[in-house]
Amino acid sequence: MKAADVNSYFSSYFNQESEKGDFLERQQMLRKAAKVRFLEQGMPDASCEAWRNFPWERILKNSYRICLNPQAYHPEEASFQCDNQEIHSTQFTFLNGWYLHDNAPLTRFPNGMIMGSLRAACRECPELVNPYFQSAVDDGDGWVHFNAALWQDGFFVYVPSRLQLRDPIQLVNWVKSDESLLIQMRNLIVVGEGASLKLVHCDESLKSEHSFVNSVTEICVGKQAHFDYYKLENKDNQAFLVNHLLIRQEAESEVNTHTSTFNGGVVSNSIRVLLEGERARVCNNGLYLADGKQYVSNDVFICHQAVGCVSNQLYKGILDDDAQSAFIGHVLVKPHAQATEAHQINRNILLKDTARITAKPFLEIYADDVQCTHGATVGQLDEQAVFYLRSRGICERNARLLLMHAYAKEVIDKMDIPAIADRTEGLVEKRLAGENITCTNCMAHCCSTPDFHIKAPDF
């Protein structure tokens, strides 16, 4: 599929989707408006800063099919099993962009929570969906409009006010197909005033051809609410993953995001945060490991719109072989956002001269009472530290592995769910040691290809 063919491809599938007619009038209007915006704007290209180094040729050389209908129901345990006992989570699974369920698209809990299919929620409880749907930050990205016009299904979570959830919710999105699929997921997470929620979002692959997942997740966090988001990306080397996380926070709310990228042919993570209420706080953490010809990008935009808000960013990467990575961190402080505190850090280690990183952190400040810092580093392992470890009887290979592990652990230590932190640390250790990294007891074997690992030094 060439870039010039995208508009006709888009229109064809939009017409097929419209014929189904199972969306209410408001949703149909939103989809038609998004279609107009996409056809006017088109796909983002090299003229857009965030997409300047994106390897479009690797994605557009394939022809994709959109799965307009869910597959026949079958128990997820038949193909996918995640050992999440220590996480104590409630798991919801999506296959090729559609929610897996047996005649229960929405689950209503006695405490007032509602979770399940967003498509079903639009029909069954529009009074809870409409005030929040497409109300988060919209940065005008063409892929966001593409998703808004053609999203298939997605995850809906509604947490009523003052409900404190102790155990996390786990969303597993996996791909299994013998043909190349374009998967459009749209997720909506609503956390009511004074409520608390932890969400673990896993992207996995089973046997598949070149899949392209274009996902948008909207998160609306009420006053004094708390939300933690864990994104674990462990795809195969034929997978293309474009994620948009759109967050809107009210006064005194707190959001923490943790994005861990272990595998994937092309992975793009975009986070847009609007701090619209006073004294809101957000912390964005990221860890990415890439080798071979992998491409990983992280684009974070935080808009300080109210007084006394705080934002922190910490992203760290390890790149080997011909891998490429990009980091763009943009903090905007508006004139009325006095007493703002904003910090962003991006650090990268290149294990070979052929690996490449583009880092562009910057601040845009229109207020005078602020504490803002930013910085980026690109380098290699500290040879003096390697020498010190070797002088204590540790071989050079293990010395380098220990240093890389310690480097990554700064991000892992910020995770508040011990089971997730332990699992992430274990996956990092295996990745750095050159082992295949399927999750414990997982039947998916999503990373079974032997050419996908950061190679440990051979001495």
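Reader: Let's start with Phe94: buried or exposed?

Author: Phe94 counts as buried, because its relative accessibility is 0% and the cut-off for buried is under 20%. Bear in mind that this is a predicted model.

Reader: Noted. Which strand is Phe94 found in?

Author: Strand S2, which covers residues 90–95.

Reader: And what does Phe94 touch, not counting residues up to four places away in sequence?

Author: Quite a list: Tyr99, Leu100, Gly116, Asp153, Gly154, Phe155, Leu171, Val172, Asn173, Trp174 and Met185. Take Gly116 from that list: Phe94 and Gly116 are 22 residues apart in sequence, and their C-alpha atoms are 10.0 Å apart in space.

Reader: Switching to the cores. Which residues touch the most other members in the largest nonpolar core?

Author: Phe155, Ile189, Leu197 and Phe227 do, out of 51 residues in that core. Strand S8 (residues 181–191) gives the core its largest share, five residues. Phe155 also turned up among the contacts of Phe94.

Reader: What is Phe227 in contact with, leaving aside neighbours within four places in sequence?

Author: Phe227 is in contact with Ile189, Val191, Leu197, Leu199, Ile219, Val221, Glu254, Val255 and Asn256.

Reader: OK, helices. At what angle do H7 and H8 pack?

Author: About 125 degrees, with the axes 9 Å apart; H7 is residues 383–391 and H8 is residues 396–412. That angle makes H7 oblique to H8. The crossing of H7 past H8 is right-handed.

Reader: Which residues meet there, H7 against H8?

Author: From H7 you have Glu383, Ala385, Val386, Leu389 and Arg390, and they meet Glu396, Ala399, Arg400, Leu402 and Leu403 in H8. By class, the contact has six nonpolar and four charged residues, with no polar ones.

Reader: Zooming out, how many helices and strands does the chain have?

Author: Nine helices and 21 strands.

Reader: What percentage of the chain do buried residues make up?

Author: Of the 459 residues, 59% are buried.

Reader: Last one: of contacts with a separation of 6 or more, what share comes from residues 24 or more positions apart?

Author: Those account for 83% of them.

Conventions. Residues numbered from 1 in each chain as written. Predicted model: local features only at pLDDT ≥ 70, side-chain atom pairs only at ≥ 80, totals over all residues. Heavy atoms only, no water. Axes fitted to C-alpha atoms, helices over the stretch in contact; angles between N-to-C directions. Helix = DSSP H or I, 4+ residues; strand = E, 2+ residues; numbered from the N terminus. Parallel < 35°, antiparallel > 145°, perpendicular 65-115°, else oblique. Left-handed = near helix turned anticlockwise from the far one by under 90°. Contact = heavy atoms within 4.5 Å. Nonpolar A, V, L, I, M, F, W, Y, C, P; charged D, E, K, R; others polar. Core = buried A, V, L, I, M, F, W, Y, C linked by side-chain atoms within 4.5 Å. Buried < 20%, exposed > 50% of the residue type's maximum accessible area, 1.4 Å probe, protein only.
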